[in-house]
Amino acid sequence: MTEAAFGHGPAGEERAAGGATGPAASGDLGPADVPATGPTAGASGDAGSSARSAGTAAEASASAASAETPSTDVLIVGGGPAGLSAALNLARARASVVVVDTGRPRNAATLRSHGFLTRDGISPIELRKLAREELRAYDGVRVLDRSAVARIDADADGFVAALTGRAATASPVLTARTVVVATGLGETLPDVPNLRAFYGMSIFSCAACDGWELQDEPVALIGETSDLADRARLLTRWTSHLTVCTNGADVIDPVDEAELVASGIVVERRVIADLAGERGQVAAVRFADGSSLAVAGGFVRPTWHAAHDFLDPLGPETDAEGHLITDRSGRTSVPGLYAAGDAAAPGPQQLIVAAGQGARVAAVLVQDLLGVRTAH
Ligand SMILES: Cc1cc2nc3c(=O)[nH]c(=O)nc-3n(C[C@H](O)[C@H](O)[C@H](O)COP(=O)(O)OP(=O)(O)OC[C@H]3O[C@@H](n4cnc5c(N)ncnc54)[C@H](O)[C@@H]3O)c2cc1C
């Protein structure tokens, strides 16, 4: 990467002259939609034509990239707080940025988000909306909604990404000098019928996010994983009226159970039939034997899975749970490939942490591309 690729030199002038069609626009990706920088700067013509004729975007690969393929300094995969924060800070460093987002954030189930400084209690949708509005002030950022990155291969100048969804109708292939993975995580909830109907409304997964609202209330912790005893200990920060429900799973050993019981926590090993309640407000845990436990709310321990099959051709290092392993600055094991937010080890975190990681990745990425080492 040269200075020019960040818009300080000739490539930046080309961008200002005609590369960008508008600030942080959201929509299809065409050749004129991506600020022209890097090796394809100034290219004209139908950037999508070669890949379109090759078939679907998912079939597009490195071989589909051509001199006419749209190019950007940074491709950000995922438009949650991590990706949007990276986009904002990269835009301010005069990078050209494309954010591709399928629009399925992990916290979509909830109505209120807590703990984000200046935005405590904001709805997740509103938070994203505000972030996108801020991006509109910057030329060079393009947000491609309802679109996915299906595959990323390495190429001589960085990476080539195959897109699917709305963006792919204009151009199914995009080249990028660098990539930030900010795809978050998927969740699998414990095997309890109708649990999903209460998740995000009165049953949550993050004690730090939602413990305050349930303080001193009777609460159930439902989980089937071996860290359940520790999660119960954590929840005593907010309530001592806690019942740990293992749903029949043998995940709390006798030593842990004795300690939990000694501190007033009930360990309930019976299989759960379902949950009672209405309009998202849980009222009771109903067990398979017909008995029930009255609660005002609950926490679950989901299992989390990182969905980044699209990186398979690059083979980045992952941990046992599939999170991308990064150094403390967000660099993965693949040069030029960065990760931020929940997708990066150690996994599930919080909105403001994800946004912070996005900002840090942006700063480090700019330094790496210029080949400088500075703490500031
Ligand atoms: C029910 C619930 C409640 C929560 N409440 C809070 C709270 O109150 N406070 C708090 O701080 N945190 C809360 N969290 C945690 C918070 O939502 C996450 O830590 C945060 O969303 C992580 O941000 P992210 O940017 O890493 O990922 P996400 O916000 O999940 O965003 C990832 C984005 O990437 C997109 N994507 C995925 N794959 C692709 C692909 N291949 N191509 C293109 N796009 C893709 C997704 O559609 C999504 O839009 C909660 C989580 C849950 C589940």
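Start by selecting A220, then look across to β15: the residue standing opposite is G298. Before moving on, two notes on reading the model. Residue numbers start from 1 along each chain as its sequence is written. This is a predicted model, in which local features need pLDDT of at least 70 and side-chain atom pairs count only at pLDDT 80 or more, while totals for chains, interfaces and linings use all residues. Strands here are DSSP runs of E with at least two residues, helices are runs of H or I with at least four, and both are numbered from the N terminus.

**Stop 1: around β15**

Select β9 (residues 219–223) together with β15 (residues 297–301): 5 bridges join them, and they run parallel. Two strands count as paired if DSSP finds at least two bridges between them. Further along, G223 stands opposite R301 in β15. Now bring in β8, which pairs with β15 in the parallel sense over 2 bridges. I203 has G298 as its bridge partner in β15.

Is β15 enclosed or open? 5 of its 5 residues are buried, so β15 is largely enclosed by the rest of the structure. Buried means 20 or more other C-beta atoms within 10 Å of a residue's own; exposed means 12 or fewer, partly exposed is in between, and the C-beta atoms are placed from the backbone.

Zoom out to the open sheet, where 5 strands line up in the order β8-β15-β9-β10-β11 with parallel pairing. β8 (203–204) and β11 (266–268) are the edges; each has a single partner strand, so one side of each is left without a neighbour in the sheet.

**Stop 2: a hairpin**

Next, pick β12 (residues 272–278) and β13 (residues 281–287), an antiparallel pair with 6 bridges. Look for E278, whose bridge partner in β13 is Q281. The two strands form a hairpin with 2 residues between them, and R279 in the turn has a positive phi of about 45°.

**Stop 3: the cores**

Which residues touch the most other members of the largest nonpolar core? Among its 60 residues, they are L75, I76, A87 and V181. Helix α8 (residues 351–370) gives the most to this core, with 8 residues. A nonpolar core is a set of buried Ala, Val, Leu, Ile, Met, Phe, Trp, Tyr and Cys residues joined through C-beta atoms within 7 Å. A second, separate core of 27 residues includes L242, I265, L275 and V285.

**Stop 4: the ligand**

Select the 43 residues around the ligand; G78, G80, N107, G184 and G341 come nearest. A residue makes this list if its C-beta atom, placed from the backbone, lies within 6 Å of the molecule. Elements giving two or more residues to the shell include α3 (81–92), β2 (97–101) and α8.

**Last stop: a loop**

Finish at A168, in the loop between β5 (158–165) and β6 (173–181). A168 is buried, with 26 other C-beta atoms within 10 Å.
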